[in-house]
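Please find below my notes on the model under review. They are set out as numbered points.

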Amino acid sequence: MFGKYARFAVCLGIATAITACHQNEAPDPIGSAIHEDVPVALNTTRTLVVKLTGNATDVAAANVKYAGGNGSRSGNIVTFANAASNGTVNVTGTGLINQSFPVDFGERSTIVVDVNIVKASINIVTQAAAETGTNVDNDTNNQTTTGVTGKLNLATNGSVPDYSAAGTKRDYSLVVYTPAVAPVSSVESGKTYDLTPYAVDCQPEGAKFEPAAHIELTVPGVSAIGKNGILFRHAETNEDAQGTNVKEGDIVEGNLPHFSPWGIIVSAQCTGITESSDVIASGALVAGANEVTYGEKCGFEIVSGVTKGTVLETWLKLLYGATVTAVNKTTSINATGAGSYNISQKVFITSFKAGNVSFQVKTFGEPTCTVTYSGTDVPETKPTTPTVPTHSGGSND
């Protein structure tokens, strides 16, 4: 490369020197210098995308805010342009179970999150019926939207309820849901990730049982993982459900000493990461401001070992936010002459092991840009001018 530049400079110097003799000026070989693969910053505004999944009617009833602001909605996708660097996502709606979770962009420019909409159960079992052994099941809508079937029965263990901490509530119900969380900023080889693809909310909240009440959840994919990769724990403490077991037929069973949210947790270790790079956009540059658009890939693609609709796919959504999604981004490259640009993203193939199952996924890093350019100055990007919201976050739509 040095030799090429040297030969170019020699030839350029001779030609320029001849001209300079006529003009009585010193040669300026730097004026036509060539800059190859020079990194330039991609300064873009932050974008948060919330993808709502579940029953279409429930999704339509959901209201999403981030950092107190509204986003731009198209169907089941809510986009927050010019998003605040950190804040809380709140998902609410009539008849829905409210969900909220914090978001911190850190060094990221784009985050995509899949949120499964949860509706309160319409399958209500009276106190008398539950205490005499009637099953308490999640309703059909909940089974369809989560893929999980839950069944609680007080007669299995002869459980005697204590309602002293439940107030006047006596009716029984059961709802399965995926606790919404923001994706992690990075994944490390050798680290174990304990995430909760499904939690179960049993009512009446606060009720206690002696002996503990028996519950069974049919969760696609848990039998393949096995007991070593599955935990059944209280959502806010490290208390384990009593007698936790994973049986054939994709059944997780346990005994709950009290009613409050309990989580089915998958424990998976990252066993290795390989890295490559893909060009996601390229083009020519002209002198002046060049507005450049590109699609930034976020989320994950299944490579091997994971069947769609199973607990591991849901686990991956918690870790990486959502299945792979391209988000349109814009930046401006200011050039003083002609050139070209390439925008790339790192591509990671990451391996995991959960219990008896090994699996791999493809994920993507932050975009980077390089330019090839002829001229005295190297081009640089400047941030796009955002529409600054008047509230504390989100867009001003």
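1. How many residues line the largest pocket, and which of them lie nearest its centre? The lining comprises 24 residues, with Val184, Ser185, Ser186, Phe364 and Gly365 lying nearest the centre. A pocket here is an open set of points on a 1 Å grid over the protein atoms alone, where a 1.4 Å probe fits, with protein on both sides within 12 Å along at least five of seven lines; lining residues have an atom within 4 Å of a point.

2. The model is predicted: local features need pLDDT of at least 70 and side-chain atom pairs count only at pLDDT 80 or more, while totals for chains, interfaces and linings use all residues. Residues are numbered from 1 along each chain as its sequence is written, and side-chain values use heavy atoms, with hydrogens and water left out.

3. The largest pocket holds about 490 Å³ of space. Its lining takes at least two residues from each of strands S9 (110–116), S20 (288–298), S23 (339–354) and S24 (357–364) and from helix H6 (311–320). By class, eleven lining residues are nonpolar, eight polar and five charged.

4. Helix H6 is mostly covered, with nine of its ten residues buried (under 20% relative accessible area, 1.4 Å probe, protein chains only). Among them are Trp315, Leu316 and Tyr320. Gly321 follows H6 and has a positive phi, near 100 degrees.

5. Cys298 is located in strand S20 and counts as buried, at 9% relative accessibility. Beyond four places in sequence, Cys298 touches Thr110, Val112, Thr323, Val324 and Thr325 (contact: heavy atoms within 4.5 Å). Cys298 and Tyr320, 22 residues apart in sequence, have a C-alpha to C-alpha separation of 8.1 Å.

6. Glu216 belongs to strand S15 (residues 208–218). Is Glu216 buried or exposed? Glu216 counts as buried because its relative accessible area is 18%. Its side chain makes a polar contact of 3.2 Å with the side chain of His214 (a pair of N or O atoms within 3.5 Å, one able to donate a hydrogen and the other to accept it). Further contacts of Glu216, leaving aside neighbours within four places in sequence, include Thr149, Lys151, Lys247 and Glu253.

7. The protein chain averages a pLDDT of 88, and 87% of the residues score at least 70; pLDDT is the predictor's confidence in each residue, from 0 to 100. It stays under 50 over residues 1–31, with 18 contacts beyond four places in sequence, and under 50 over residues 385–397, with 34 such contacts. Where pLDDT is low, the predicted coordinates should not be read in detail.

Note on methods:
Points joined across faces, edges and corners; volume = space filled by probe spheres on them. Helix = DSSP H or I, 4+ residues; strand = E, 2+ residues; numbered from the N terminus. Nonpolar A, V, L, I, M, F, W, Y, C, P; charged D, E, K, R; others polar. Buried < 20%, exposed > 50% of the residue type's maximum accessible area, 1.4 Å probe, protein only.
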